[in-house]
Amino acid sequence: MTTAFPSRRVMLAGAGALGAAPLLGRAALAAPAPITLLNVSYDPTRELYKDINAAFAAYWKGRTGQVLDIKQSHGGSGKQARAVIDGLQADVVTLALAGDIDEIAARAKLLPPNWQSRLPNNSTPYTSTIVFLVRKGNPKGIRDWPDLVKPGVGVITPNPKTSGGARWAYLAAYAYGAKLGGAGPARDYMTKLFKNVPVLGAGARDATTTFAQRNLGDVLLSWENEAFLTLEEFGPNFEIVYPGSSILAEPPVALLDRNVDRRKTRVIATGYLNFLYSPLAQDLVGKHHYRPREKAAVAKYAAAFKQIPLVTIDQAFGGWKKATAAHFADGALFDQIYRPA
Amino acid sequence: MTAAAIPAAPVRARRPWVVHSILPGFGLSLGITLAYLGAIVVLPLIALALRPWELGLSGVWHELASPRVAKAFRLSFGLSALAALVNAPLGLLIAWTLTRYRFVGRRVLDALVDLPFALPTAVAGIALTAIYAPTGPLGRVAAQFGIKTAYSPLGIFIALVFIGLPFVVRALQPVLQDLDAEVEEAATTLGANAFQRAFRVILPALAPALVSGVSLAFARAVGEYGSVVFIAGNLPGKTEIAPLLIVIKLEQYDYAGAAAVGLAMVAVSFGSLVAINALQLRLAKRGRA
């Protein structure tokens with residue numbers, strides 16, 4: 001009992017010290033309040049931007065002394081674009097399709113229509129493509145696009161109406177079909193292809209789950225980086241197959257002028273987007289299975305990405321506007337494929 | 001109840017706007033009620049109702065007349081009605097078991113009924129898909145009999161039964177609790193057999209609550225999106241529900257088209273709820289007579 005008194009005093013002193021610590025901490029931190037930056041992105045870039053944001057915050061603090069708090073938001077590319085149009089205060093957008101950023105420019109006028117020419121390489125600091133993910137040992141012998149329309153092959157791809165990745169996959173397939181002899185054969189090919197699709201997921205992750213966890217289908221049309229992620233997660237159950245040709249998927253980035261001017265973050269946001277092209281960020285890009293643009297990173301990761309002929313959307317489809325009107329708009333080719341005969 | 005026994009005045013006078021109440025605070029309560037309902041319910045509905053007309057009348061008609069929209073509506077409303085009707089007898093049985101018997105674990109069962117309310121719908125959808133997919137424990141059994149559960153209309157039906165069940169059970173429980181056992185005892189002493197007790201005494205008393213529970217389950221199922229998209233397969237014209245059609249239209253920045261489909265859904269839902277309410281009133285009157 002006699003020990004109770006001193007020990008209580010020790011405890012009180014301890015509690016006092018604990019109580020003071022946060023106060024001191026707060027006083028020390030009060031000087032540079034962190035500046036927030038919001039990057040609104042699409043679904044599979046979550047891990048990539050987590051690393052890039054940490055690297056940029058460190059780089060920016062070293063250069064300017066400013067402490068940054070970079071927030072990231074992920075979701076379907078179209079849904080994210082709508083959130084920005086409806087007023088989400090993003091400083092930069094990094095989406096799956098240029099078409100989605102075009103909509104932001106057209107509907108909310110947050111950036112000029114020529115936004116894509118403001119940064120190098122069509123404002124796409126990294127690219128990707130569409131590859132096939134098949135089950136271990138490739139039991140159905142799927143090597144190239146013609147194998148997808150064989151009877152008995154189940155193809156998993158999300159709905160191109162709701163998924164950016166699925167639009168790239170659809171266009172890659174169509175580009176192959178067009179090589180068979182133009183619009184007629186291409187249309188036949190797409191009709192046969194979607195006859196083999198048992199489930200249309202809403203997004204890329206949804207489709208990956210259907211394929212990898214529900215064991216549905218024989219081949220998943222996937223973002224290259226998602227295919228690598230699936231391999232990392234499920235290991236030996238799957239294999240990546242590179243088709244004879246595919247599409248150069250260019251997920252673009254852009255500064256939202258009206259938002260950064262209102263929030264006075266133009267300098268930082270510009271620095272952030274330029275940083276994406278730097279050797280440091282480009283190395284992270286390669287690490288996360290996106291195809292880098294910068295020479296050193298390209299050389300470093302050359303072995304990881306198989307070189308196959310990639311068509312661009314401008315060459316094969318005349319840009320996003322035309323591709324959307326011909327394929328994804330209401331009543332366009334994708335709807336016609338599903339119209340009951 | 002006693003008021004109903006007094007014969008009403010034969011000539012119905014013009015109904016007054018407000019029947020005077022001795023309770024104070026009518027103005028304030030009604031004001032808050034109207035403001036709240038206005039902000040929460042009416043305002044968004046007005047925004048929805050105004051949106052489609054930028055397409056023009058023919059544009060809205062064109063939007064709704066497409067076979068794909070018609071098919072999605074048939075699927076959504078048909079399966080929702082079916083699911084709600086299946087939940088009626090089963091929900092009644094569950095409510096009966098939970099109120100009329102005392103057994104160990106009753107409270108746990110009672111809490112389980114609420115789970116479809118509490119679970120995020122996406123979680124429910126993923127869980128149901130895992131079970132009913134061709135590789136899942138139940139889906140595999142069904143597949144052996146040649147029945148496709150997940151990724152078919154049957155899968156949608158299963159999800160809608162799941163989310164609708166608590167509405168039926170929770171609507172019936174309080175009424176069952178208030179139904180005195182003495183009423184049944186009296187019926188028995190007057191010579192009613194079990195069948196007569198169930199269909200002439202108990203069911204008429206429960207009918208209004210049952211109808212309201214079923215209609216709530218139906219209304220909820222019609223708008224259900226989160227759990228259904230995972231299990232449906234979402235093939236246009238086959239397993240594409242009306243709410244998914246709205247999401248797809250939004251994804252194409254077709255706000256007006258999405259609003260047109262949404263408005264049509266509200267109209268059909270509201271129409272069926274009004275019809276069901278009328279039925280419920282008639283049942284309630286008959287139950288009292």
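Two residues are in contact here if their C-beta atoms, placed from the backbone, lie within 7 Å. The model shown in these views is a predicted one.

View 1. Helix H8 covers residues 204–212 and helix H9 covers residues 224–234 of chain A, and the two pack at an angle of about 40 degrees with their axes 12 Å apart. Because angles under 35 degrees count as roughly parallel and those from 65 to 115 as roughly perpendicular, H8(A) and H9(A) are described as oblique to each other. The crossing in which H8(A) passes H9(A) is right-handed.

**View 2. Helices H6 and H7 of chain A cross at roughly 135 degrees.** Two packed helices are described by the angle between their axes and the distance between the axes. For H6(A) and H7(A), which consists of residues 183–195, the axes come within 7 Å, and the two helices are oblique to each other. As H6(A) passes H7(A), the crossing is right-handed. On the H6(A) side the contact is made by Ala173(A), Tyr174(A), Gly177(A) and Ala178(A), which meet Pro185(A), Ala186(A), Tyr189(A), Met190(A) and Leu193(A) in H7(A). The residues of this contact divide into 8 nonpolar, 1 polar and no charged.

View 3. Strands of a sheet pair through backbone hydrogen bonds, either parallel or antiparallel. Strand S6, made of residues 155–158 of chain A, pairs with S7(A) in the parallel sense over 2 bridges, and Thr157(A) has Leu200(A) in S7(A) as its bridge partner.

**View 4. Chain B meets chain A through 19 residues of chain B and 18 residues of chain A.** On the side of chain B that touches chain A, the largest share, 4 residues, comes from helix H13 (residues 242–251) of chain B. The residues of that side of chain B divide into 10 nonpolar, 7 polar and 2 charged.

**View 5. Helix H10 of chain B lies largely in the open.** This helix spans residues 181–189 of chain B, and of its 9 residues the number buried is 0, which is why it is described in this way. Just after H10(B), the residue Gly191(B) takes a positive phi of about 100 degrees.

**View 6. Chain A as a whole contains 16 helices and 13 strands.** The C-alpha trace of chain A spans about 90 × 55 × 40 Å along its principal axes, and of its 341 residues 44% count as buried. Among the contacts in chain A between residues at least 6 apart in sequence, 71% join residues at least 24 apart.

Notes
Residues numbered from 1 in each chain as written. Chains lettered and ligands numbered in written order. Predicted model: local features only at pLDDT ≥ 70, side-chain atom pairs only at ≥ 80, totals over all residues. Pairing = 2+ DSSP bridges. Buried ≥ 20, exposed ≤ 12 C-beta atoms within 10 Å, placed from the backbone. Axes fitted to C-alpha atoms, helices over the stretch in contact; angles between N-to-C directions. Parallel < 35°, antiparallel > 145°, perpendicular 65-115°, else oblique. Left-handed = near helix turned anticlockwise from the far one by under 90°. Nonpolar A, V, L, I, M, F, W, Y, C, P; charged D, E, K, R; others polar.
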